[in-house]
Each structure stands twice: as C-alpha cells, then as structure tokens.
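Here are my notes on the two-chain model you asked me to look at. Please read them beside the sequence and the coordinates.

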Amino acid sequence: MANKHFLEIKDLSIHYKTDSGLVKAVNNLSLNLDKGESLGLVGETGAGKTTTALGIMNLIPDPPGIIASGEIFLEGENILMLNRQEMRKLRGNKISMVFQDPMTSLNPVMSVGKQIAESIQIHEKLSKVEAEKRAVDVLEMVGIPGERFNEYPHQFSGGMRQRVVIAIALACKPDLLIADEPTTALDVTIQAQVLDLISNLKREQNTSMILITHDLGVVAEVCEKVAIMYAGELVEYGTLDDIYNHTKHPYSIGLFASIPNIYSEEKRLTLIPGLMPDPTDLPEGCSFCSRCNRAVEQCKVHNPALVETDPGHFVRCIHYEEGGAL
Amino acid sequence: MLKFIGKRLLMMIPVLLGVIILVFTIMFYTPGDPARIMLGAGASEEAVQQLREEKGLNRPYFVQLGDYIKNIVLHGDFGESFQTGEPVLNEILERFPTTLKLASLSVLVSLIVGLSMGILSATHQYSWIDKFATAFALLGVSMPSFWAGLMATILFSSILGWLPASGSYGWKYWILPPLVLGLHSAASIMRMTRSSLLEVIRQDYIRTARAKGQSERKVIVVHALRNALIPVVTVVGMQFGVLLGGSILIESVFALPGLGRLIIGAIGKRDRMVVQGGVLFLALSFSFVNLLVDILYAYIDPRIMSQYKALNKKKKKVSKNV
C-alpha cells in the first residue's frame, strides 16, 4: 500500500455512545497532509474538530467513544492497527498535541521542568540528568528562562503555561503537531506571540501541523491548507487560496460573511440562521440544508459526496455534484 | 514552613484549654460523689466528709478548676488518681503505648487495603473488581467494629483456634484487633480514594500525560494519585485521630490495656482526675495528627505550600506597616 502523503486519513468515523443516543461526532472524514505542511481545521463548536484530533492520537475516551470506521496512515502505516504499546511510542514522539486550555492541561503538583523532561525520558534513552538538561533547553526554546525549571504551573501566567504545553509537545521534535485551539484561552496580544512561536518552531523542525481553530484569521496567517468541518463532516477542503478566494460551499461563504468588515460600519454581524443539527439525530440528507440559503428540495434526502471541483479543492454540496441541481 | 508549624502549635493552646474547662465542668456536675464511691456504700458519713476534705472536693467549682489548670501549667502535674493514688500522667503513659500501637497498626492495615482497593476500583470502574470493592466497603461501614470483633474472635479463636481471643502477651495477640479496626476504616478510605481518583482521571492534565506516551500505570501512579491524595489524607488523619481515642470498644472486646479502657473505667468510678487527664491527652494527640495532616498537605500540593508561605509574608507586611 503505497501512500504518497505523510498523513492520510481515510473515511474516519468516530461515535460516542451516550444515554441519549449515538453521537456521530465525526463522519467519513478524509484528509491528506504532506511533510512540513500546515492544515487549518475550522468549524464551530461541536463540529468534531477536537474529536478528529484525539482520533489521530488514539486518545478518544473509551468508553463512551469508539472509532467506528476508517484508517489513519502515518508514513504509510495504519496507526489505528497498532497495539497500545506501539501507539504509546508514537504519542509525544512522532505525533504531539497542544491542548486548548493551558490552565488545566498541566499537572499542578509536578514542576514544569519535570513535566517536559518526562516526555523526553519516555522516548529517548537518556538518563534523568540528561533529560532534565534537554528540558531546560526546550524551556528556553519556548522563551522561558531555564531557572524556572523547578517552578510549578500555578507560578506561571496563562501565556507562559501555554508555552510550557507547547514545550512538552515539541520536546521530542515530533513529525506531526496537532494544536487544538492553542490560543483560544489566551488574550489577544499573547495569542499572536504563541502563534508566532508555534509557526517558527514548526518551520525550524519541518513539522507538519494540524491547527484546530474557529478563527479564520489565524488560519490565514499560519496554514497552507484549510478544511472546513460541519456536523462531523468535511464540507470544503483545499488550499488557502481555494478556500479564501474561491469559496464554494454555502457554509464556508456564510462563515466568511459573518466576519465584520473593517472598512464598513456595521451595527449587526451577519450570521448563519439556525443551529447545527443534533449529532445524535443527523438529517438523512445534507446536514447543512436546514440553514442553507441555496438549499433545494433534493438536499433533504440526498447527502452529497465530496467532489473535487478544481485540483485539490473539494466541496460537499449538491450544486457542485455532477448531475446535481445546477 | 517552620513558622507555620510554630504558629499552629501556639494555636493548640486555646483548644486544649477549652478541652480542660469543658471536661472539668462535665465531670464536676456529673451526679455521683467520688468520695462516696471510693469508700463504698457502707462507709460512715464522717469518713466520706473527711475524704472530701482531704482531696479538696468540697471547695467551690472555680477554685478547683483554677487549681487544676495552675498545677498543669506550672508543674506539669495532672493530679492523682482517686482510686490508686498514682499520678495520672504515669497511668496514662503506661497505657498509651498500647493504644498508639493499636491505632498505628490499624491505620497501616486500612491504608494498604483501602488505597489499593480504591485505586483498583477507580481504574477498573464498573468492573467486577469495582463491584466487589463496593460491596466490601458497604459491609465494612455497616458492621459495628465491636460486632465484627466478636465474630472474628468466634471464628478465629473459638472455632479455628488459630489466634488468641484476648489479652496482650505477644505478636499473636496483635493480629485480630488491628485487622478488625483496620478493615473497618479501610472501607471509607477505599471509597474516598476511588471517588477522588475518578475525578482526577478525567482532568485535562491526565490526557496530557497520556499524550506524552506515558504508560497507563505511570499515568495513574505518577500523575493521578498525588493529585487525588488530599481528601484521602484528610480521611486517614481523621481515622487515626478517632482510633487514638476511640478504640474503646475493641480494647474491651480483646481485653487490651489501652487508654480507652482506662478512661471508661475511670468514668464509672467518677475518678475525675484520670478522666480529665485522659481526655486532655487524647485531644493533644488528635491536634498533633491534625497538624501532621496539614503539613502533609503542603508536601503533597505545592499550591498549598506557597499559600502557607504567603500567609507568613502577609503577616510580616502588616506588622511593618504598623
């Protein structure tokens, strides 16, 4: 099985079994990512972005979550077929994740230095002293003075803690970095710093990255590829230019329209009417159809396939399907 | 940290003073005349009166209380037992090692059993291990310790004949009592460990540890357990404090010469001095255990340590301003 891409996700579906029914968090998601490339995974809350990321890490809380179907290839190897121990060797080493909330992502009773050194010690045959020396270097790489090695998370500000979380993720120079809304919990000035930090380190180490966010501005700055998710499905997927300048899917168009324009005075923000469908009860047809201004009768019963409209630009909409409504 | 400990030790003084006054008052107003009980029902009124005079029992409440406190503070003198004439302190110190030994062994048993079962049932939530542990905990909490003690004696001493039923003449006598007491308190330690650990396991930093590629065993032992320990330490401290003073029933069941039995006996005989001294001693040990627990908190959680330190700093700043 020859895969030319560094990371290839094929038809990934992830479900949660809950008391109120089966939550279909991610449905038939397919993505590719090359070495050194950055992908922005965009979507509103509950679209399945974080679940996708945890799926790649194989860290879906089980129970209630299960990977219902699909394959994830990393350098040609299906990592969903790996056993626990093999998967542990990838985690923190080849694939790392930066979590959303720096205030809760660090162990409060362990010094930050030790938390960084831990991940180095797991994956590299180093003594404790050497690992700690490396951890000091990593701390300084993310802009925290090495003397603060022995301090605890509560002695750091939010922005500094996120730097520590990033340091943990980058300590073993991963090939793939998944950043799950790394700036959401931070204030705007710190956001820019953290983003710069991530993109610089990524460039230096030629790391591929999946950046999960709902901030289209951040994506434009950092990523080359963009995937827009809605109700667990990819609705549009392509290069930055495809998505930003040749937006096709009505949902993506709605997203861009809801960004206020700096040049015109607007009293109210444009919004997409309605709410995302209940993931325990997804509609039979297109999941966006109840909110779509271009919906036709057929949308209610027919869920369109992801079609390639231009090379590398995929859209899931009936209007771009061959023999569709248009 | 030393400053914190010093301050806490000073704070124990009003507590102990309160205990002295309370116990003294209760004993003073308890019906039953110590002199009469000492001499027996057949003694003449004059003899009783004379004994009261001798022991200073006919003086007013405040005079006796003041005298008692003065003797403790100035001379370290806790008075003498009405019954034996021995200094109370000697009687207590003679009995305390037995109680301390019983309490320590029981806590050890309950820690080993409670912690390990708690960890197992939290990491295997809803499995048969968890269900077994829950059933065990329910049984442990619902069985009164004296009843469990009696049942254990019947089984292991009378029927099987493996272990002696009562007394304290060697290591064999020290197996059943700590087991009965320990398993009883293991139940609550197990429940606390389980619920505390379950809460910690759902925290984000546990996911971070897993995302590093850490093994599940180390995630629990290194990351989760220490965070889950604060409520567990609280419960263990409470149990230890209760055991130091409250193993009266078990001491009676197994006829161990402990502090609990000394106090119970003294209450029956209205031997005020022994009761007061004994209760004061238990209050002191309870306070020490509490202090120990508070110090342990600081070593478990660096946030609490820095709080303690901040408290000292604040005090300094205030005094400078004044």
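1. Some terms come first. A residue is called buried when its relative accessible area is under 20%, exposed when it is over 50%, and partly exposed in between, with a 1.4 Å probe and the protein chains only. Helices (H or I, at least four residues) and strands (E, at least two) are DSSP runs, numbered from the N terminus. The model is predicted, and local features need pLDDT of at least 70, side-chain atom pairs count only at pLDDT 80 or more, and totals for chains, interfaces and linings use all residues. Residues are numbered from 1 along each chain as its sequence is written, chains are lettered from A in the order in which they are written, and side-chain values use heavy atoms, with hydrogens and water left out.

2. Helix α1 of chain A, residues 49–57, is mostly covered, with eight of its nine residues buried. Those buried residues are K49(A), T51(A), T52(A), A53(A), L54(A), G55(A), I56(A) and M57(A). Just after α1(A), N58(A) takes a positive phi of about 55°.

3. T52(A) counts as buried because its relative accessibility is 1%. Leaving aside residues up to four places away in sequence, T52(A) touches L12(A), V26(A), L29(A), L41(A) and M229(A), where a contact means heavy atoms within 4.5 Å.

4. M209(A) is placed in strand β8 of chain A, residues 208–213, and M209(A) is buried, with a relative accessible area of 1%. Residues up to four places away again set aside, M209(A) touches L33(A), E37(A), S38(A), L39(A), L176(A), L177(A), I198(A), K202(A) and V222(A). The C-alpha atoms of M209(A) and V222(A) are separated by 9.7 Å, and the two residues are 13 apart along the chain.

5. Which kind of aromatic pair do Y230(A) and F288(A) form? Rings of Phe, Tyr and Trp (its six-membered ring) pair if their centres lie within 6.5 Å, and planes under 30 degrees apart count as stacked, over 60 as edge-to-face and the rest as tilted. Over all chains the structure holds 15 aromatic pairs. The pair of Y230(A) and F288(A) is edge-to-face, at 5.0 Å centre to centre and with 85° between the planes. Y230(A) lies in strand β9 (residues 225–230) of chain A and F288(A) in the loop between α9 (250–257) and β11 (307–310) of chain A, so the pair ties together parts that are 58 residues apart in sequence. Y230(A) is buried at 0% relative accessibility, and F288(A) is buried with a relative accessible area of 3%.

6. The rings of Y244(A) and F256(A) also form an edge-to-face pair, because their centres are 4.9 Å apart and their planes stand at 70°. This pair links distant parts of the chain, with Y244(A) in helix α8 (residues 240–245) of chain A and F256(A) in helix α9 of chain A, twelve residues apart. Y244(A) is partly exposed, with a relative accessible area of 22%. In chain B, ring pairs link F24(B), F28(B), Y29(B), Y61(B), F62(B) and Y68(B) into a cluster.

7. As a whole, chain A has nine helices and twelve strands, and its C-alpha trace spans about 65 × 50 × 40 Å along the principal axes. Buried residues make up 53% of its 326 residues. Of the contacts in chain A with a separation of 6 or more, 63% are between residues 24 or more positions apart.

8. Chain B, by its secondary structure, has 14 helices and zero strands. Its C-alpha atoms fill a box of roughly 85 × 75 × 30 Å, taken along the principal axes, and 44% of the 322 residues of chain B count as buried. Among contacts in chain B between residues at least 6 apart in sequence, 72% join residues at least 24 apart.
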